[in-house]
Structures are given as structure tokens and as C-alpha cells.
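Good morning, and thank you for coming.

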Amino acid sequence: MVFEAPEDGQYGFVVVSTDNAGNREATPTAGTPPEAVAVVDTAAPLIRIDNPVGGEIFGPGANLDRRWVASDANRSGKCVDVLLSNDGGNTWSSVVQGLSNTGGTILPLPGAAAERYLVQVVVRDLAGNVGQAVIPTPIAVDGRPPRARLTWQNITPPLPSHPTY
């Protein structure tokens with residue numbers, strides 16, 4: 001027998017046997033506890049990144065307070081991964097995997113001298129569905145020392161060597 005669920009949800013099953021003589025077990029009534037339960041879940045978790053929002057500038061090795069909101073009817077325990085991309089999202093490097101869905105964590109940024117990173121948070125549910133969010137604008141890690149340059153311009157006519165007051 002094949003059961004096709006009409007929608008996501010929890011479905012309970014009771015097996016009723018019938019022998020060759022036509023004898024069968026009693027038909028279950030409302031409230032009969034199921035012998036087996038199946039959860040149908042085809043929806044990906046919903047995820048939103050609250051921090052960073054993108055465009056922030058940090059020093060190398062700074063701690064980044066990452067905050068997100070994730071929801072799903074069938075969340076698993078350690079279901080959150082945080083990734084960084086320094087090539088516009090073409091490739092991703094895992095910063096941490098298997099975090100609990102607490103809504104945030106503080107993690108050190110890479111110690112690169114001058115890089116721009118997109119931040120991605122990925123959430124998996126018990127059915128294996130994956131939700132993800134990426135900040136729209138990269139954050140910057142900048143460890144370069146500031147450079148100052150002094151420029152001047154000759155003033156014509158020159159100022160008197162002995163100003164008068």
C-alpha cells in the first residue's frame with residue numbers, strides 16, 4: 001500500500017489485518033493511538049541574518065557577533081552552519097558547523113590584511129531540507145595601516161617674508 005500525503009504534516013497509521021477467511025481486526029476508532037507516525041516535511045527552514053547587515057569594516061582577527069532568526073516545524077539540534085566567501089559567493093568556506101539554533105554566535109574573523117567577505121548562514125531541518133541566507137553587501141576586514149600624504153601648492157604671489165599686522 002502506498003500513502004501519498006496531501007500536504008506537509010504528521011500522519012499516524014494503524015495496521016488492520018485480514019486473513020484469507022475474511023476475519024479482520026477491529027477497525028480503529030477516533031482516538032486510537034497510532035502504531036506508526038510519519039512526518040512529511042518538504043519545506044526548507046526560514047532564515048534571516050540580522051547581524052552583520054553588510055558594509056561594516058572590521059580589523060583582522062576581530063570578533064564578529066553573528067545574529068540570525070531561523071524557524072522550522074522540524075528543527076534538528078545542531079543544525080546551523082556559518083560560511084564566508086571572499087570571491088562574491090562563488091565559493092564558500094565553513095567558519096563553523098553544527099551550531100545549535102540559538103540565534104547567534106561570536107566568531108573571530110580571518111586575519112587577512114584586506115579582504116571583503118559575504119556571510120552565509122545555512123540551517124538544516126530533520127528532513128534534510130536546507131534554508132540559507134546571505135548578507136547582500138560584503139563586510140570588510142582591513143588591517144592595512146593608514147597612509148597619509150601631504151600635498152601643497154605654490155601660492156602666487158608669494159607671501160611676504162615679514163608679514164605685517
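This is a predicted model: local features need pLDDT of at least 70, side-chain atom pairs count only at pLDDT 80 or more; totals for chains, interfaces and linings use all residues.

Residues are numbered from 1 along each chain as its sequence is written, and side-chain values use heavy atoms, with hydrogens and water left out.

Let us begin with the whole chain. The protein chain has eleven strands and zero helices.

How does the radius of gyration of the protein chain stand against that of a compact globule of 165 residues? The globule would be near 15 Å, but the protein chain has 30 Å. This radius is taken over C-alpha atoms, and the globule rule is 2.2 Å times the number of residues to the power 0.38. Along the principal axes, the C-alpha atoms fill a box of roughly 125 × 30 × 25 Å.

Of the 165 residues, 27% count as buried. Buried here means under 20% relative accessible area, exposed means over 50%, and partly exposed lies in between, with a 1.4 Å probe and protein chains only. The chain exposes about 11,600 Å², of which carbon and sulfur atoms supply 53%; the areas come from the Shrake-Rupley method with a 1.4 Å probe, and for residues only the protein chains shown count as cover. As for contacts, meaning heavy atoms within 4.5 Å, those between residues at least 6 apart in sequence join residues at least 24 apart in 63% of cases.

Three strands form an open sheet in the order β3-β5-β8, and their pairing is antiparallel. Two strands pair if DSSP finds at least two bridges between them. In general, strands of a sheet pair through backbone hydrogen bonds, either parallel or antiparallel.

Why is one side of β3 and of β8 left without a neighbour in the sheet? β3 (46-51) and β8 (104-108) stand at the edges and have a single partner strand each, so one side of each has no neighbour there. Neighbouring strands of this sheet are turned by 30 degrees against each other on average, direction ignored; the axes are lines fitted to C-alpha atoms, and angles run from 0 to 180 degrees between N-to-C directions. Between β3 and strand β5 (residues 63-71) there are five bridges. Within β5, Ala70 is the bridge partner of Ile47.

The peptide bond from Asn51 to Pro52 is cis, with omega near 0 degrees. Most peptide bonds, by contrast, are trans. Pro52 sits in the loop between β3 and β4 (57-58).

Next, the aromatic residues. The structure holds two aromatic pairs. Rings of Phe, Tyr and Trp (its six-membered ring) pair if their centres lie within 6.5 Å; planes under 30 degrees apart are stacked, over 60 edge-to-face, and the rest tilted. The ring centres of Phe3 and Phe13 are 5.2 Å apart and their planes stand at 80 degrees, so this pair is edge-to-face. Phe3 lies in the segment before β1 (9-13) and Phe13 in strand β1, so the pair ties together parts ten residues apart in sequence. Ring pairs link Phe3, Tyr11 and Phe13 into a cluster. Phe3 is partly exposed at 43% relative accessible area, and Phe13 is likewise partly exposed at 30%.

Is Val123 buried or exposed? Val123, in strand β9 (residues 114-125), is buried, at 1% relative accessibility. Leaving aside neighbours within four places in sequence, its contacts include Ile47 and Ala70.

Gln97, in strand β7 (residues 93-100), is exposed, with a relative accessible area of 59%. Beyond four places in sequence, Gln97 touches Val80 and Asp81.

Pro136, in the loop between β10 (130-134) and β11 (139-142), is exposed at 71%. With residues up to four places away not counted, Pro136 touches Val53 and Leu118.

Notes:
Helices (H or I, at least four residues) and strands (E, at least two) are DSSP runs, numbered from the N terminus.
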